[in-house]
Amino acid sequence: METKEAPVQTKTGRDFSYAVLGSGSKGNATLVKAENTLIMIDCGLPIDLLMERLDAKNIDPKSITAILISHEHGDHVHGLGDFNRIHDCPIYMTKGTYYAQKQVKKNWSKVIYGETVSIGDVEVFPFCVSHDSRMPSHFTFTFDGRKFGHLTDTGTFGQDMINSLTDCDALAIEFNYDDQMLRQGIYPDWLKKRVASDLGHLSNDQAFELVSRINNPKLQWLVMLHISLKNNSVDCIENSLKKFSSLDKIKTYYADQFIPSPWFDI
Ligand SMILES: [Zn+2]
Ligand SMILES: [Zn+2]
């Protein structure tokens, strides 16, 4: 997947930023930093790779305040058990995710859809998504009057999700597949149906539709997550964007499976 170089934003005020360590079916992890608080969303990279990517960002793993787990699929929890043996920080997830995952049985802190939880300096809001797992969730993060929304692994979205993501200054959202590439691609029929179903993943058109429905003039950054290596391409995403003229000024970045992103100021 080709990546675009992100211009560094300079902003005065308190540090609130995010970086994607890796995103896609081979493993997902995103960092959210707010002054003295450092949160990792998902722990889906194999432990050696995760350590390598943290090191590339000059992050000491023991400085991570907490981990949030979105759901129990391997690409979101692969390194969780190993990481937990190195650093036993609190791990936040829904009750359903906790009982469905097999990686950790300690340090669990429960999150409930729609109930804000304070982690260090950050207010985290978990919301329900539509995916073939047990009580999956995604999250918004609020600090110093600014808000960041992170969403992957949902087959559809409704008004509740739009409401959760309203007012975000920055977003990281799944752009999993192009309709035509998925239809004509190498996946078996059952898997094509699963990906395209309401319990699968968002297509490019669905993801841009969601961003346009959020309709936020404050939005600075749109980072595209979980881009399929088999069923999507930068060209397809750019073609899809042409259908959404209200979004043509938005700054975008294609998160990569193999290369960590820069930090994005929120
Ligand atoms: Zn999943
Ligand atoms: Zn996934």
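In the predicted model, His-73 is partly exposed, with a relative accessible area of 21%. His-71, by contrast, is buried, and its relative accessible area is 1%. The cut-off for burial is under 20% relative accessible area, so His-73 is not counted as buried. Both histidines are protein donors of the zinc ion (ligand 1), His-71 through NE2 and His-73 through ND1. Along the chain, the donors of the zinc ion (ligand 1) follow the spacing H-x1-H-x57-H-x21-D. The angles among the four donor atoms run from 91 to 173°, and the site is irregular. A tetrahedral assignment would require all angles to lie between 85 and 135 degrees.

The zinc ion (ligand 2) has Asp-75 (OD), His-76 (NE2), Asp-153 (OD) and His-226 (NE2) as its protein donors, at 2.1 to 2.3 Å. The spacing of these donor residues in sequence is D-H-x76-D-x72-H. This site is irregular as well, with angles of 91 to 158° among its four donor atoms. Asp-153 bridges the zinc ion (ligand 2) and the zinc ion (ligand 1), and the two ions lie 3.6 Å apart. Asp-75 is located in helix α2 (residues 74–77), whereas Asp-153 is in the loop between β10 and α5; the pair therefore ties together parts that are 78 residues apart in sequence. Asp-153 is buried, with a relative accessible area of 2%. Asp-75 also counts as buried, at 13% relative accessibility.

Strand β10 contains His-150, which counts as buried at 3% relative accessibility. The side chain of His-150 makes a polar contact of 3.1 Å with the side chain of Thr-30. When neighbours within four places in sequence are left aside, the residues in contact with His-150 are Thr-30, Ile-41, Phe-127, His-138, Phe-139, Phe-141, Leu-165, Ala-172 and Leu-225.

Ser-228 is buried, with a relative accessible area of 8%. A polar atom of its side chain lies 2.9 Å from the backbone nitrogen of Asn-231.

Aromatic pairs number 12 in the structure. One of them is formed by Tyr-98 and Trp-108, whose ring centres are 4.0 Å apart and whose planes meet at 5°, so the pair is stacked. Tyr-98 belongs to helix α4 (residues 95–100) and Trp-108 to strand β6 (residues 108–110); the pair therefore ties together parts that are 10 residues apart in sequence. Tyr-98 counts as buried at 9% relative accessibility, while Trp-108, at 26%, counts as partly exposed. A second stacked pair consists of Phe-141 and Phe-148, with 5.7 Å from centre to centre and 25° between the planes. Phe-141 and Phe-148 are both buried. These two phenylalanines are part of one aromatic cluster that also contains Tyr-18, Phe-139, Trp-221, Tyr-253 and Phe-264. Phe-139 and Phe-141, both in this cluster, are also among the residues in contact with His-150.

Lysine side chains are placed over aromatic rings as well. The charged end of Lys-105 sits over the ring of Tyr-98, 4.8 Å from the ring centre. Lys-33 lies over the face of Trp-263, at 4.1 Å from the centre of that ring.

Helix α8 (residues 204–214) has Asn-204, Ala-207, Phe-208, Leu-210, Val-211, Ser-212 and Ile-214 as its buried residues. An α-helix has 3.6 residues a turn, so residues three or four places apart point the same way. The cover over the buried residues of α8 includes β10 (146–151), α5 (159–165), β11 (170–174), β12 and α9. Asn-215 follows α8 and has a positive phi, near 50°.

Key. Residues are numbered from 1 along each chain as its sequence is written. Chains are lettered from A and ligands numbered from 1 in the order in which they are written. This is a predicted model: local features need pLDDT of at least 70, side-chain atom pairs count only at pLDDT 80 or more; totals for chains, interfaces and linings use all residues. Side-chain values use heavy atoms; hydrogens and water are left out. Donors are N, O and S atoms within 2.8 Å of the metal (3.2 Å for Na, K and Ca); water is not among the atoms, so sites may look incomplete. Four donors count as tetrahedral if all angles lie between 85 and 135 degrees; four count as square planar and six as octahedral if opposite donors are over 155 degrees apart and all others between 65 and 115; anything else is irregular. Buried means under 20% relative accessible area, exposed over 50%, partly exposed in between (1.4 Å probe, protein chains only). A polar contact is a pair of N or O atoms within 3.5 Å; within protein, one must be able to donate a hydrogen and the other to accept it, and residues adjacent in sequence count only if both atoms are side-chain atoms. Rings of Phe, Tyr and Trp (its six-membered ring) pair if their centres lie within 6.5 Å; planes under 30 degrees apart count as stacked, over 60 as edge-to-face and the rest as tilted. Helices (H or I, at least four residues) and strands (E, at least two) are DSSP runs, numbered from the N terminus. A charge sits over a ring if NZ of Lys or CZ of Arg is within 6 Å of the ring centre and within 35 degrees of the ring normal. Contact means heavy atoms within 4.5 Å.
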